[in-house]
Amino acid sequence: MPTRPIRTFTVLPHLPERLQALQKLAYNLWWCWNPEAVALFRRIDAESFEALDHNPVKLLSKVDQARLEELLDDDGFLAHLDRVEVVFDIYMNASTWYQEKLASGSWRGGSHARGNGTAAHAPARQPVVLSPTQYIAHFSAEFGLNESIPVYSGGLGVLAGDHLKAASDLGIPLVGVGLMYREGYFRQYLNIDGWQQERYPENDFFHLPLIPESKDDGSPLLVSIPFPGRDVQARIWRIQVGRVPLYLLDTNIPQNSAEDRQITGRLYGGDHDMRIRQEIVLGIGGVRALRALGKPPTVCHMNEGHSAFCGLERIRLLMEEYHLDFAAAREAVTAGTVFTTHTPVPAGNDVFSPHLVEQYFGHLLPQFRISMHDLLGLGRQNPNDHSEPFCMTVLAIRLANVSNGVSALHGKVSRKMWKAIWPDLPEAEVPITHVTNGVHTPSWVSPDLTQLYDRYLGPQWSERPAEQEVWKRVENIPDAELWRTHERRRERLVAFARDRLKRQLTQRGAPPAEIARADEALDPEALTIGFARRFATYKRGTLLFRNLDRLTAMITSKERPVQIIFSGKAHPRDHGGKELIAEILHVGRRPEFRRRIVFLEDYDIGVARYMVQGIDIWLNNPRRPLEASGTSGMKAACNGGLNVSVLDGWWEEGYDRTNGWAIGAGEEYTDLTYQDDVESRAIYDLLEQEIIPLFYTRSSDGLPRGWLKRMKRSILTIGPVFSTGRMVAEYMERCYAPSIARYEALAQGGLSKASALAKWRQAVYRSWSNVRVEGVEANGADPMHVGSALEVTARVNLGPLGPDDVEVQLFHGLVDSLGDIPAPATVSMSHNGARAKKDGNVWIFHGTIPCRTSGQHGYAVRVLPRHPDLPHPFEPGLVCWG
């Protein structure tokens, strides 16, 4: 086909002047978490708004002129528009949590928490203030903001979207950085046999709330990204998320080759070669985009390892700007970097072959001024293992001064998974902490429940979602009002499910009689269980089908029926996940289940919203400890849904025996068949003996008082704790603020402190083999008594180092049956200027172990590097035990 010289231009909808505020609101995602704004767009054309995936930009382009004329004559609509615009303007200009914290001086940057969550030798805490030109950049391969912007696949993206929304609410100077995919993630449909199929419709950029970033002359702002033998150009789009801008890079532009235009084609698409190219554009291109926009980040937060190349680009820029070597620039960049891992299994981390890294980074080595061996070592747990592939998670950990998991249990799993990076440290002290995930509560609470919260909790529940005192007012909501609200939402879910089922069956070519029966599916008054998430085999989507006889008895009960709504996608290459979906469809076709078990195709934020707002029970049964956190159960809980879950991820922290139910008691199994038998029986027992009776036990006024008590308890205990308001504030206080402080400290004097720290570190590495504990003596009888103290003296040979270069510690605690100290405490030993006579550089250190509890205790002496500019003494990975 001949190439035709096509010239393009953009046509925007023409809105009457009186309705221009609609355009203003449509291009800021604030509308999607304000129920009045959502209702405003629905009021224009409810049917079209639903059909267009709640996309107000597309709605305004599709609405005909006659309808606009009607709206101009509708005083009620105009008043509604004015009201929403005023609320929006107030939101955008109001004082925020961040500003209040700065004004009060109530938080300062200091040390973050280390592996087990204890303070890690905090330096003096300094005031943290970002100037108007400084930002925190949140990098993520996907952002789930609204179903109308399909550049996300699941929980990771939705969490990133909720992170931006909460940062906007809190007023934190944060920007998002990601990729603008032409096709995004796949849309799911099932064939007649229930097998998942995928289609990839193209995103219509000009009907999305995308704002092109431009130069002063109006031409598109592009960034150049170095690739072998060429530069790839990327255009920058912006999506405004309340106060927070999200910048998305797009390589599908004429300046690139056909191959390079595909880089931002699909989320998680292609082979390893495509993945590394996408991650180069995200990491390196993302940093260059921020600089081109005049917003170079002070702190970069890497949401998973996909964006870890941003650290290498920031190092290169500092080397170029300040004439530093790689080591000095790395000190500054690491100080200003935070990394969050979301993956509890090694297979879930991106790894690339050394050959692929050499192919894409070999041409950059002259700028880094390091060897390929050193570069590859940054992505290896053992830098000297030439057979180990290059892991993006390891690179991210090595280039961050704070690394965290996303729940307390996941922090523990992550310390175990990555302990080889610090081979001489006990697992409990591996410097990976945790910040438990949350959800952006205003985005997920239903509009009718929002009205109840506004009435009985006051506006603070959405403005300050982490305030527990506010949520205690849930007890003031009358049972009758809460139950009526919940019943309406269940009815709405059932109506939505029936409509979607009819569309699914029609697209599948089902006979008319089967399509008509969709109107009989589900009962708006029956106990409704929801199960919706990514269909991976470890999540066990069909565990409820383990004993179909017991399930049949519950589902077909005339007095106390139960029904189940499933939804979720399997990865296109996950055959096992697809088999689970097909099994659900086959079981659901059995006559006894046809009206009580349904699968809703093409799970997205819109489907999730209906489900978490309308279900009674949210079921979660992964194999512990493979669920890093999970957030869907949090969304259900803030709507009054009750969780029934394995004690994995966030639920181990959230469950308090009164706000839901636990499957098992936190056991982990090696025999998976036995595990499935045990835990499926536990679910059946809970349903038969506790859940179903509680739901159907009604007082004289028809209300399930016991159920409502649990609903309120679930809202009260989970709402304020598992919100992104709490989560992002915690990131600010524990991760961002200390990183800002460290970065600013090292940046003083043209990064002279970073250079000094790098030289000190190199000297310590060269000298560490000479450090050894030459003798330990204790002054105390055995046994000791509670209340006494054991005096310990250690003789430490420091080789070429001085006593101020190290910290000598007593590592002590109760000893377990294996001779280990699983919960250690430490005591710093002092030298008081005492050096052993005639023994070269041997120093005498003294310390005291307090005897506070009885039992078999043990201790050891260890030496760690110490420097006031280190985030913690474990960071260099050097330990000398004696």
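Author: Let's start with the wording for angles: under 35 degrees counts as roughly parallel, over 145 as roughly antiparallel, 65 to 115 as roughly perpendicular, and the rest as oblique. Helices here are DSSP runs (H or I, at least four residues), strands are E runs of at least two, and both are numbered from the N terminus. This is a predicted model, where local features need pLDDT of at least 70, side-chain atom pairs count only at pLDDT 80 or more, and totals for chains, interfaces and linings use all residues. Residues are numbered from 1 along each chain as its sequence is written, and side-chain values use heavy atoms, with hydrogens and water left out.

Now the pair. Helix H10 (residues 272-292) packs against H11 at about 45°, with the axes 8 Å apart; axes are lines fitted to C-alpha atoms, for helices over the stretch in contact, and angles run from 0 to 180 degrees between N-to-C directions. H10 and H11 are therefore oblique to each other. On the H10 side, the contact (heavy atoms within 4.5 Å) includes Ile276, Ile280, Gly283 and Arg291. H11 brings in residues including Phe309, Cys310, Arg314 and Leu317. By class, the contact of H10 with H11 has 7 nonpolar, 1 polar and 7 charged residues. In that count, Ala, Val, Leu, Ile, Met, Phe, Trp, Tyr, Cys and Pro are nonpolar, Asp, Glu, Lys and Arg are charged, and the others, Gly among them, are polar.

Ser307 is buried, at 1% relative accessible area; buried means under 20%, exposed over 50%, and partly exposed in between (1.4 Å probe, protein chains only). Leaving out residues up to four places away in sequence, Ser307 touches Phe139, Leu282, Gly283 and Met302. Gly283 also belongs to the H10 side of the helix contact.

From H11 we can move on to H12. Helix H11 (309-322) is among the elements covering the buried residues of H12, along with strand S12 (337-340), helix H31 (724-746) and helix H32 (748-767). In H12 (residues 326-335), 8 of the 10 residues are buried, so this helix is largely enclosed by the rest of the structure. Among those buried residues are Phe326, Glu331, Val333 and Thr334.
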